[in-house]
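Here's a quick briefing to keep beside the model while you click around.

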Amino acid sequence: MDANVAALREERRRKYFVRGIAFAIASGICYGLYTGFLTLAETQGVWGEWFAGTEWGNGNPALSPFVITFVLAALAAGINDFFSGVWSLVMCAKNRQLGDLWKTVKTKPGWIMIVCAMVGGPLATTAYIVGLNSATAAGNPGVIVPIAALNCAIGAILGRIFFKQELNGHKILGIFICLVAGAIIGGTSFATIGPEALLGCLFAFFAAFGWGFEGCVAGFGTILIDYRIGITIRQVTAGLLELLVMFPLLSMIGGEPSAIPQLAAAAFTNPALLIFVISGFFAMPAYSFWYKGNSMCGAALGMACNGMYAFWGPFFIWVIMGLLNIGGMAEFYPPLAPIQWFGAIIMVIGIFCIAVNPLDVLGRKGKVNA
């Protein structure tokens with residue numbers, strides 16, 4: 001009788017663990033879809049005219065290189081995260097969690113999530129989109145995604161520096177593998193595409209640093225907060241700061257504060273806005289499933305499964321914009337060269353080694369099979 005109860009408990013634990021892995025893998029897939037639709041949105045309508053460097057709208061002069069590179073990145077990040085926050089609020093309302101959301105915002109874990117959103121949103125996400133736009137201009141947007149996935153390696157290093165977290169053999173090996181893969185992808189990009197791709201890789205690295213810090217510090221908050229509430233705080237905070245602070249601030253730094261209402265009005269009235277609604281929809285589960293998976297299968301394995309967006313990002317850019325030809329790009333639109341696909345897969349292996357001791361996984365598999 002006791003043996004039957006123990007077996008049932010073990011079977012229940014195994015199913016719960018497998019469901020957690022499924023959530024974590026889904027988060028990486030959703031991250032790839034969010035990147036693919038965001039890249040598509042920035043090639044359509046008025047966005048295509050802006051990035052082409054030509055007159056836009058009804059004869060408005062072409063934007064300056066600073067506005068194209070930085071101001072539009074903040075605007076795109078703000079619109080995407082704003083709609084992601086709206087989708088998150090809808091999910092909270094559906095699950096009758098709006099009251100809990102308001103109560104959580106006033107707690108210490110809630111404020112930790114807000115601080116993390118300030119780093120991961122206006123700084124890291126804007127840097128990510130600057131990198132994405134630079135790589136798109138170079139003809140290869142997918143190249144920066146694996147570089148941004150270095151956030152797992154950077155998070156492990158920052159965790160060691162700030163919180164004295166253990167950095168043992170398999171994590172050091174994983175960090176080394178990630179750095180080698182990053183060198184393969186970045187070096188090849190510079191050799192085959194040019195300095196614009198290198199600029200994209202540089203800003204993708206800044207994004208990886210910001211997200212690595214966010215993941216390192218947010219651990220405390222996400223342990224104590226429901227994952228739907230956590231992602232709502234994160235996305236609403238990031239979207240509002242990017243739209244109301246980062247976008248105007250960069251416009252003033254670029255010497256064109258008068259362009260703020262004009263650009264905002266054009267972005268929010270253009271049909272491409274619908275594609276941002278879709279990218280925001282996928283950005284919500286990209287983060288919330290990550291939190292959910294971490295709570296079910298462990299943060300280490302959840303991080304490894306989520307980090308596979310190093311592969312899913314370029315893959316869905318290729319599927320959406322190349323294979324399905326949505327947006328009018330060529331069918332052979334190439335996100336990555338063969339050597340860069342190889343580097344992306346190596347990056348996934350490195351992320352897995354950082355998050356999980358391969359010897360422990362093999363031992364767990366043998367135990368489950370037994």
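Where along H5 does the helix bend, and by about how many degrees? The bend sits at Ala124 and comes to about 30 degrees. Before going further, bear in mind that this is a predicted model. The protein has 16 helices and zero strands, and buried residues make up 51% of its 370 residues. Among contacts with a separation of 6 or more, 84% come from residues 24 or more positions apart.

**Helix H5 (108-137)**

- H5 has 30 residues, and its first and last C-alpha atoms are 42 Å apart, close to the 44 Å expected at 1.5 Å a residue.
- Of those 30 residues, 23 are buried, so H5 is largely enclosed by the rest of the structure.
- Just past the end of H5 comes Gly139, with a positive phi of about 90 degrees.

**Helix H10 (227-253)**

- Asp226 caps the N-terminal end of H10, placing a side-chain oxygen 2.9 Å from the backbone nitrogen of Arg228.
- H10 has 27 residues, which should span 39 Å at 1.5 Å a residue; the end C-alpha atoms are 36 Å apart, and that agrees.
- There is a bend in H10 too, by about 40 degrees at Glu242.
- Just after H10, Gly255 has a positive phi of about 75 degrees.
- Ser251 is a residue of H10, and it counts as buried because its relative accessibility is 2%, under the 20% cut-off.
- A polar atom of the Ser251 side chain lies 2.9 Å from the backbone oxygen of Phe247.
- Beyond its neighbours within four places in sequence, Ser251 is in contact with Val71, Glu256, Pro257 and Ile260.

- Asp81 lies in H3 and is buried, with a relative accessible area of 2%.
- The side chains of Asp81 and Asn80 are joined by a polar contact of 3.1 Å.
- Setting aside neighbours within four places in sequence, Asp81 is in contact with Thr125, Arg234, Gln235, Ala238, Gly239 and Glu242.
- Asp81 and Met284 are 203 residues apart in sequence, yet their C-alpha atoms are 8.5 Å apart in space.
- The Ser88 side chain has a polar atom 2.8 Å from the backbone oxygen of Ser84.
- Leaving out neighbours within four places in sequence, Ser88 is in contact with Ile231, Thr232, Gln235 and Met284. Gln235 is also among the contacts of Asp81.

- Arg96 lies in the loop between H3 and helix H4 (98-105).
- Although Arg96 is not a glycine, its phi is positive, about 55 degrees.
- Is Arg96 buried or exposed? It is exposed, because its relative accessible area is 77%, over the 50% cut-off.

**The second largest pocket**

- The space in the second largest pocket comes to about 330 Å³.
- Its lining has 16 residues, and those nearest the centre are Phe51, Ile68, Asn133, Thr136 and Ala137.
- Helix H2 (45-52), H3, H5 and helix H9 (195-224) are the elements that give two or more residues to this lining.
- Which element gives the largest share of the lining? That is H5, with six residues.

**Helix H14 (309-323)**

- The buried residues of H14 are Tyr309, Ala310, Gly313, Pro314, Phe316, Ile317, Val319, Ile320, Met321 and Gly322.
- H14 is followed by Asn325, which has a positive phi near 60 degrees.

How values were computed. Residues are numbered from 1 along each chain as its sequence is written. This is a predicted model: local features need pLDDT of at least 70, side-chain atom pairs count only at pLDDT 80 or more; totals for chains, interfaces and linings use all residues. Side-chain values use heavy atoms; hydrogens and water are left out. Helices (H or I, at least four residues) and strands (E, at least two) are DSSP runs, numbered from the N terminus. Buried means under 20% relative accessible area, exposed over 50%, partly exposed in between (1.4 Å probe, protein chains only). The expected span of a helix is 1.5 Å times one less than its number of residues. The bend at a residue is the angle between axes fitted to the seven residues ending there and the seven starting there. A polar contact is a pair of N or O atoms within 3.5 Å; within protein, one must be able to donate a hydrogen and the other to accept it, and residues adjacent in sequence count only if both atoms are side-chain atoms. Contact means heavy atoms within 4.5 Å. On a 1 Å grid over the protein atoms alone, a cavity is a set of points where a 1.4 Å probe fits but cannot get out, and a pocket is an open set with protein on both sides within 12 Å along at least five of seven lines; lining residues have an atom within 4 Å of a point. Grid points are joined across faces, edges and corners, and a volume is the space filled by probe spheres set on the points.
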